[in-house]
Amino acid sequence: MMVALASVSGAEEAKPFTWTPPKVGNGMFTNDLGMLDSEREDYATNLAGYATNRVIQAKATPASLEEARRLLAVALHLSPRNRKALVTTFQLGKGVMPEAATGDYSPQVLARLLITRGQLLLKQGGAENKQLARVFIELAAGMDPKNEDAVYASETQRLDNGAVDWAAITDFKPKDKTAAGGQTP
């Protein structure tokens, strides 16, 4: 009986996984991004929900946590105050497995939306649109590797421009505004 109590108290002390939250600050995207605020919020919520469900499905493996870190970073860059992304990031930071998310879309449908929106952002032009387009296209290919359009677009962009720099997204360092005469936050 003493052994059972000792193992229970030991289990309470140990976190089931280690989580490094993404660092996004106020986000990398400005009003120059070719998306409405409501659209940014919707994509952020769906990306955060997908991340939550992937962590749960994979039982918080290191690979699923790294994927979630990327997805939540993109969600928070799109909408820094997104409820689902903030709550999931906090819970994972406390070692708490979040509740399953009821998403609007299956992973396959979300991947199709991401590839389509990514292609539209590319057509719109502009540095921020191109940056998010590359991210959306790579995420779409990862979510649904059977989607040949997403995989082809992701692979051709990787061949032409290299892989997406996820460290710059998950560990975002905002540009110093003091050089431009402003103040840093």
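What follows is a short chat about a predicted model.

Visitor: What should I know before we start?
Guide: This is a predicted model, where local features need pLDDT of at least 70, side-chain atom pairs count only at pLDDT 80 or more, and totals for chains, interfaces and linings use all residues. Residues are numbered from 1 along each chain as its sequence is written, and side-chain values use heavy atoms, with hydrogens and water left out.

Visitor: At what angle do α3 and α4 cross?
Guide: Roughly 145 degrees, with the axes of α3 (residues 62-78) and α4 (residues 83-93) coming within 10 Å. Axes are lines fitted to C-alpha atoms, for helices over the stretch in contact, and angles run from 0 to 180 degrees between N-to-C directions. Helices are DSSP runs (H or I, at least four residues), numbered from the N terminus.

Visitor: Which residues make the contact?
Guide: On α3 they are L65, L72, A75 and L76, and on α4 they are A85, L86, T88, T89 and L92. Contact means heavy atoms within 4.5 Å.

Visitor: OK, new topic. Which residues of α5 are buried?
Guide: L110, A111, L114, I115, R117, G118 and L121. Buried means under 20% relative accessible area, exposed over 50%, and partly exposed in between (1.4 Å probe, protein chains only).

Visitor: What do they pack against?
Guide: The buried residues of α5 pack against α2 (37-57), α6 (127-143) and α7 (148-161).

Visitor: Which residues touch the most others in the largest nonpolar core?
Guide: That core has 46 residues, and L47, V74, L78, L114, L132 and F136 touch the most other members. A nonpolar core is a set of buried Ala, Val, Leu, Ile, Met, Phe, Trp, Tyr and Cys residues joined through side-chain atoms within 4.5 Å.

Visitor: What is L47 in contact with?
Guide: Leaving aside neighbours within four places in sequence, L47 contacts L71, V74, A75, L78, L114, F136, L139 and M143.

Visitor: Now the loop between α2 and α3. What is the phi of K59?
Guide: K59, in that loop, has a positive phi of about 55 degrees although it is not a glycine. Most residues other than glycine have a negative phi.

Visitor: And what about A60?
Guide: A60 is in the loop between α2 and α3 too, with a positive phi of about 60 degrees.

Visitor: Is A60 buried or exposed?
Guide: A60 counts as buried because its relative accessibility is 8%. K59 counts as exposed, at 69%.

Visitor: Last one: where is V96?
Guide: V96 lies in the loop between α4 and α5. Leaving aside neighbours within four places in sequence, V96 is in contact with F17 and Q91. The C-alpha atoms of V96 and F17 are separated by 8.9 Å, and the two are 79 residues apart along the chain.

Technical notes:
Helices (H or I, at least four residues) and strands (E, at least two) are DSSP runs, numbered from the N terminus.
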